[in-house]
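My notes follow the display.

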Amino acid sequence: MENLLSIEKSRSGRRGVRFEKTKQPATAYLPDDLLRTDKPRLPEMSEFDTVRHFTRLSQLNYSLDGQFYPLGSCTMKYNPKAYDKLSALEPFTRAHPFAPESAVQGTLQILYELQEMLKEITGLAAFTLQPAAGAHGELTGILTVRAYHDAHKNNMRTEVIVPDTAHGTNPATANMAGYTVVNIKSAPDGCVDKAVLQEALSDRTAAVMLTVPNTVGLFEKDIREIAAMVHKAGALLYMDGANFNALIGLAKPADFGVDVMHLNLHKTFAAPHGGGGPGSGPVGAAAHVAPFLPKPLVEKKGDVYTLRGKMPQSLGKMKAFYGNIAVALRGYCYLRQFDAGTLKNIAEKAILNANYVRAKLQGKFNAFFDVNCMHECVLSIDPSKMNGVHTADVAKRLLDYGFYAPTIYFPLIVPEAMMVEPTETESKEMLDAFVGALEKIYEEIFSNPQLVHDAPHNQPVSRIDEVSAARQPNLKW
Amino acid sequence: MFTPHTTQDEKEMLAAVGVSSVKELLSQIPAELLYPALHLPAALTEQRLTAHMQSLSAKNKPLTSFIGAGMYEHFIPAAVPALSGRGEFLTAYTPYQAEASQGTLQTIYEFQSCICALFQMDVATASHYDGATALAEAVLAAKRITGRAEVIISSLLYPHYKEVLQTYTHHMGVKLVEACPTDAGILDIPALEKQISAATACVVVAQPNFLGYLEQVTAISRLAHEKGALLVAQVNPISLGVVSAPGSYGADFAVAEGQPLGNPISFGGPGLGIMTAKKAYLRQLPGRMVGVAKDKNGKRAFVLTLQAREQHIRREKAASNICSNEALCALNAVIYLTLLGPEGLKEVAELNLERAHQLAARISRVPGFSVNTAAPFFNEFVVTCPVPAAQVIDKLAEEGIAAGYDLGQTCETMKNALLVCATEMRTEEDIAAYTRALEEI
């Protein structure tokens, strides 16, 4: 049976929630030409029907709570239930951004302390919690770079250098900040090719955007030399910290020479992803760049926390209000529940889990770079040696075995890539089960390749023709 | 501990990897960078953490709020958080594997459908960060579409939206020009007519505007279109239960802060950026969209579609860099709209209208206070006080009331002006208490 849309279940006159009746109709208050005349085509359902409808929809999802979700670069680690509950305490959810500051000191104190803890973890001089997501953090960071160069009259700096391993958001971000993107090829070992970078650096370079650890799961081993090269050229080093889970407690970006970076509270700091957001992408800056961060920041004046400090050199505002607070509260809970030693253990276990999966799959699904990895391993397959089976087929077949699929076809430099990030919260038993499923799929590729080609077999729908959706877009009822 | 590894597990796993310690796996990190000193607070148990967070939450004072200015307190039916809080929704990622994410995908499709119905627009995206960034992205799209660089914005946009717009556009060759208001608190139409020209990419209007008043949007739309400019409308979604929808007056893009639809205020975030457009601009829209597809057996299925606009495909040529959005807030909104239906939405909008007008009428009877009622308003309006608004706010805070938004912070000449909002949450008793407190000033 097809899953009906709410509008297909709708029956005229059915009602969920009711409100009090007004004394007078809208015509008593508004002129006719401003009044709505049509009835919007929204579903008409009882509350019970609505509850059933959305409960059913929730069951058509794989989720971290239900399944192993080894989505590379996404850090699908357990999201503690306590943080959901505590971030939803009514005094937090009811706090209005324009309430007198004396009425929101609890929220402000948390935000201030979170800023301070992120500074300590990264070694950077200042942190803003304003950005709403990772890509928003990138844009914030690159506009911070831009404000820095503008203040130093570096108007000729119009380029941002991005390695070909970068997330698509990096080049898109640089473009959105008005910069020209200079893409550079990585070295055969998956890291930045210093000679290529040197070639690309010039007095036109505003910044270099590096993901550390990078998207092939490797730490940029020459990071300090790279930073020195970037600085010598008069540019700034931007670090995409989406993969910071592998470094937390193990190393501080400020020590590498990073000038600006973002973190993802919805990855490294255990806030849930919500099916695609809200996230939170705090941005940190070294002392010389900090004055250019977006305004305001939470400051502490005596015993009082305030957002009213002056930031005359700030780039401006990135978002209407100061960040995705409900997500920031969860990040704060995480950092209060785990001390420095535990964070270090978390990073180590994330690295151990990724390497364990990599080692166990060797010989069947090999890592593209045959070295120890950090938080994720990037596997690659050769369809010509696997009965024409592609990465997408393996990914869909994994769904049949009850596992969400790894990130596929990324990074672009790895052919038929499968990026596996187990995270530290998965047990050895779960990793063994996942490896076991991939081993079975490997056997199937040779014994019954059609089975793999045709996967998935037990999902709510079978393989979707994605192109069919784009041809004649149907985007609403 | 957060990690499940037993000592035995760790031993076996290290052996499988072929190393004797995790440190050996870190050989790519220069040794002198490894294991820096890290000074963080001592770890709290869940029980201690709970007490700690409760005590911090108690530092926030509960005020009966008459503040709006972009974030509005509305009733959230219990079913909304109960459903959206289900782990199957909450802990899923972006629905990249469509076959295993049909639930999330269908909710987004239903969200887009409800929003299009409410706004009378052709297409809606899956969501943006908030109303301000949605507005900025719409303006950037208008520039790309028209090839024109000048953008006329209502001076009565929320000031914080103007700031975000400035940040997003000033490196992109956009010139922002403000259109001025009349004393009634709405745009001056004859003056606006003179400003719009063949160089104008779009006119940005807020309905209701920052001061709460409803603009003559039909006239503004006509003026923009006469000169080949687009109309970008920023609206309050709850108001659309009674106020004419942006599609009905020809908006090319309509954006909104969707927080009022079933999402708490949470000190301003997460918000819910709503972005809608006419069909013609579909391929200029930034951000995710869900469409209907077929699976290989011909069964209806939902997928992320038109991804060729997006950063992971187009990289620096993408319409925007947006990746994560506010999916869970959009889920709250679609559950809210499904529970209310067309009648419920009309009821709640009417209730806002009535409570705000009751409040305005009562305030206007308080000696020394006057209310601007020269233009129609929805749930927010301007009060001129006999003393600086900041004083009124301080005084009422002592009575447990958040009096409103001090307009003096945006404009020196409005020092005594207070922006006051009443949603359906404010009872007649709350309104009476508010005016009693004003009488003591």
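I started with the exposed side of α14(A), where A:Glu429, A:Gly436, A:Glu443, A:Phe446 and A:Ser447 are exposed. The model is predicted, so I read all of this as computed.

Next I looked up the other side. A:Leu431, A:Phe434, A:Leu438, A:Ile441 and A:Ile445 of α14(A) are buried. Down the axis of α14(A), the buried residues fall within an arc of 80 degrees, so they line one face of the helix.

What covers the buried residues of α14(A)? I found that the cover includes α12, α13 (391-400) and α15 (449-453) of chain A.

I then checked the length of α14(A), residues 428-447. Its 20 residues should span 28 Å at 1.5 Å a residue, and the end C-alpha atoms are 28 Å apart, which agrees.

Helix α12(A) lies across β10, β11 (377-380) and β13 of chain A, and runs at about 25 degrees to β11(A).

Last, I traced the sheet. It is open, with four strands of chain A in the order β10-β11-β13-β12 and antiparallel pairing. The edge strands are β10 (366-367) and β12 (407-408) of chain A, each pairing on one side only. I followed β12(A) to β13(A), residues 417-420: two bridges join these antiparallel strands. In β13(A), A:Met418 is the bridge partner of A:Ile408.

Key: Residues numbered from 1 in each chain as written. Chains lettered and ligands numbered in written order. Predicted model: local features only at pLDDT ≥ 70, side-chain atom pairs only at ≥ 80, totals over all residues. Pairing = 2+ DSSP bridges. Contact = placed C-beta atoms within 7 Å. Axes fitted to C-alpha atoms, helices over the stretch in contact; angles between N-to-C directions. Expected span 1.5 Å × (residues − 1). Buried ≥ 20, exposed ≤ 12 C-beta atoms within 10 Å, placed from the backbone. Arc of directions from axis to C-beta.
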